[in-house]
Amino acid sequence: MLMKKETPWCEKYRPKNFQDIKGQEEAITKTKQFLGNFYLSKLTKTRKKALILHGPPGTGKTTLAHVAALETNSEIFELNASDLRNKSKLQEILKPAIEQQSLTKKRKIILVDEVDGISAVDRGGLTELLFLIELTSYPVIITANDIWNRKLNPLRKKTDMIQLKEINYKTIKDVLINILKKENKFIENESLTKISLKSKGDIRAAINDLQTISKIQNYSSIEIDERNKETDIFKALRLIFKGKTSDEIIRIFDSVSMPLDEIILWIEENIPSEYSGKELAKAYDTLSKADIFKGRIYKQQYWRFLVYENFLLSYGISAAKKEIKTGFTSYKKPSRILKIWLYNQKTIKMKSICQKYAKYVHINQKRARNEFPIIKNILKNNKSIQKELKLNDEEVDYLENKLN
Ligand SMILES: Nc1ncnc2c1ncn2[C@@H]1O[C@H](COP(=O)(O)OP(=O)(O)OP(=O)(O)O)[C@@H](O)[C@H]1O
Ligand SMILES: [Mg+2]
C-alpha cells in the first residue's frame with residue numbers, strides 16, 4: 001500500500017503574511033516598529049537590537065518572526081542553544097554580518113526560537129546570546145513562553161519585548177472555518193465552538209484537533225458499524241430498564257459489542273426516559289459510582305475495577321427501579337457526547353504515542369504532536385520501532401487503524 005504523507009494543517013496553513021496572523025494586531029504593529037527602528041536609527045545607540053516575542057504556546061510567536069522576515073524580504077537565520085555555544089558557528093554568523101553588510105543586498109533576521117530552553121540549562125548559551133546581540137548588525141528576534149525567569153534579567157535589559165496574547169475563541173473559530181473551506185470539509189458549528197473553547201487560546205492545538213476530528217467524521221463506514229451496535233445496545237437497555245433484576249443481567253453487556261465507556265454514555269442518556277422520582281435519584285447515584293470506578297481504572301490502571309463498573313451499570317441500574325416496567329420506550333442515541341468521547345479516545349492514544357516518541361527521540365511533546373501525521377506514518381507498519389517505543393496493543397491498533 002502506498003503511504004500517503006500528510007502535512008499537519010498547522011504547518012500547511014501557517015500564515016505567510018501579516019494579514020493572516022489573527023488576533024495579534026498590536027504585536028504585529030510593534031514588530032514592524034522594531035524593525036523599522038532597527039534600520040532607521042542605525043547610527044544611534046538608543047535602538048534595541050533584539051526583540052523578544054513572548055506568550056503562551058500556539059499564539060503565533062514563531063510565525064510572526066518568520067512572517068516579519070518574509071514581509072521585509074529578509075533571510076532567516078535560525079540559531080538554537082547549541083549553535084550559540086558553538087564558537088565557530090557564532091563567528092560565522094557574525095563575520096559576514098560585520099564585513100559584508102553592504103555587499104549583500106538581502107537583509108537577514110536572526111531568530112533564536114524558544115529561548116526558555118536555553119535558559120533552562122545552566123551552561124546554556126545565554127552569555128553568547130548577549131554577545132551576539134552586542135555585535136550583530138542584523139536584528140535578532142527571540143521567542144519565549146516565559147520570560148520572567150531571573151536568568152533572563154540581563155537579556156530583558158537589552159531587548160524590546162512584545163507579549164502575544166492568547167487568542168480569543170471566536171478568532172480561533174474563524175481560523176478553523178477558513179481551513180475547512182480550503183479543505184472542502186464540513187464540521188458542525190457546535191463542534192467548532194467546542195474545539196475553539198477547549199484550546200484555551202492555543203491556535204495550534206485547535207487546528208490539530210480540527211484535523212483529527214475531521215477524519216473521524218468523514219469516514220462513512222463508522223455509520224454502518226454504529227447501526228449494528230445500536231440494535232444490541234437498545235436490547236440491553238430495554239432489559240436493564242424494564243426487566244427483572246436477575247443474576248443474568250450482570251452478563252448483559254457481553255453481547256453488546258461496545259466498550260463499557262461507551263455503554264455508560266448510553267445509560268446516562270436514557271435514564272431519565274425510564275426512571276423518575278426516587279428511581280431516578282438511585283439510578284444516577286449508581287451511575288456516579290460506576291463513574292468513580294471508571295476514573296480509578298484509568299488513573300491507577302486498576303483493571304479489576306471493570307467488574308464493579310460492569311456490575312453497577314447492569315445490575316445496579318436495573319435494581320434502581322421498584323418494579324418491572326412494560327410499554328415501549330424509544331431510547332436515544334447519545335450522539336453528541338458520543339462524538340466527543342470517540343474523539344477523546346483517539347486523542348488520548350495520540351497523546352500517549354507522542355509522549356513515548358518524544359521521550360525516545362528527545363524532542364518536546366508539543367513538537368511531536370505537531371508532527372503527528374508524519375510520525376504516525378513512520379511508526380505505522382514498523383514493528384521494530386513500535387516495540388522499541390514500547391507501544392501497547394491499543395496504541396498499535398490506533399496507528400494501524402484507517403479511521404485515524
Ligand atoms: N495568530 C495566529 N493566526 C493564525 N494562525 C496561527 C496563529 N498563531 C498560531 N497559528 C497556527 O498555529 C501554528 C503554530 O504557531 P506558532 O508556531 O507561531 O506558535 P508559537 O507561538 O511559536 O508556539 P510555541 O510557544 O509552542 O512555540 C501555526 O503554524 C499556525 O498554523
Ligand atoms: Mg514557537
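How many nonpolar, polar and charged residues does the shell around ligand 1 have? The legends below begin with that shell and then turn to other parts of the chain.

This is a predicted model, in which local features need pLDDT of at least 70 and side-chain atom pairs count only at pLDDT 80 or more, while totals for chains, interfaces and linings use all residues. Residues are numbered from 1 along each chain as its sequence is written, chains are lettered from A and ligands numbered from 1 in the order in which they are written, and side-chain values use heavy atoms, with hydrogens and water left out.

**View 1. The shell of residues around ligand 1.** By class, the shell has eight nonpolar, seven polar and seven charged residues; here Ala, Val, Leu, Ile, Met, Phe, Trp, Tyr, Cys and Pro count as nonpolar, Asp, Glu, Lys and Arg as charged, and the others, Gly among them, as polar. Of the 22 residues around ligand 1, those that come nearest are Cys-10, Lys-22, Lys-61, Thr-62 and Thr-63, where a residue is near a molecule if one of its heavy atoms lies within 4 Å of it. Helices α3 (61-71) and α11 (203-218) each supply at least two residues of this shell; helices are DSSP runs (H or I, at least four residues), numbered from the N terminus.

**View 2. Polar atoms beside ligand 1.** A polar side-chain atom of Thr-63 lies 2.5 Å from an oxygen atom of the ligand, and a polar backbone atom of Cys-10 is 2.6 Å from an oxygen atom of ligand 1. A nitrogen atom of ligand 1, in turn, is 2.8 Å from a polar backbone atom of Lys-22. On its own, ligand 1 has 630 Å² of accessible area, of which the protein covers 98%, as calculated by the Shrake-Rupley method with a 1.4 Å probe.

View 3. Arg-204, found in helix α11, is partly exposed, with a relative accessible area of 22%; buried means under 20% relative accessible area, exposed over 50%, and partly exposed in between (1.4 Å probe, protein chains only). Not counting residues up to four places away in sequence, Arg-204 touches Cys-10, Pro-57, Gly-58, Lys-366 and Asn-370, contact meaning heavy atoms within 4.5 Å. Although Arg-204 and Trp-9 are 195 residues apart along the chain, their C-alpha atoms are separated by 9.0 Å.

**View 4. Helix α14 and what covers it.** Helix α14 (residues 277-300) has 24 residues, and from its first C-alpha to its last it reaches 35 Å, close to the 34 Å expected at 1.5 Å a residue, a span taken as 1.5 Å times one less than the number of residues. Its buried residues are Glu-279, Ala-283, Thr-286, Leu-287, Ala-290, Phe-293, Lys-294 and Ile-297, and what covers them includes α13 (260-274) and α15 (305-319). After α14 comes Gln-301, whose phi is positive, near 60 degrees.

**View 5. Ser-318 in helix α15.** Ser-318 is found in helix α15 and is buried, with a relative accessible area of 0%. The side chain of Ser-318 makes a polar contact with the side chain of Thr-245 (2.8 Å); such a contact is a pair of N or O atoms within 3.5 Å, and within protein one must be able to donate a hydrogen and the other to accept it, while residues adjacent in sequence count only if both atoms are side-chain atoms.
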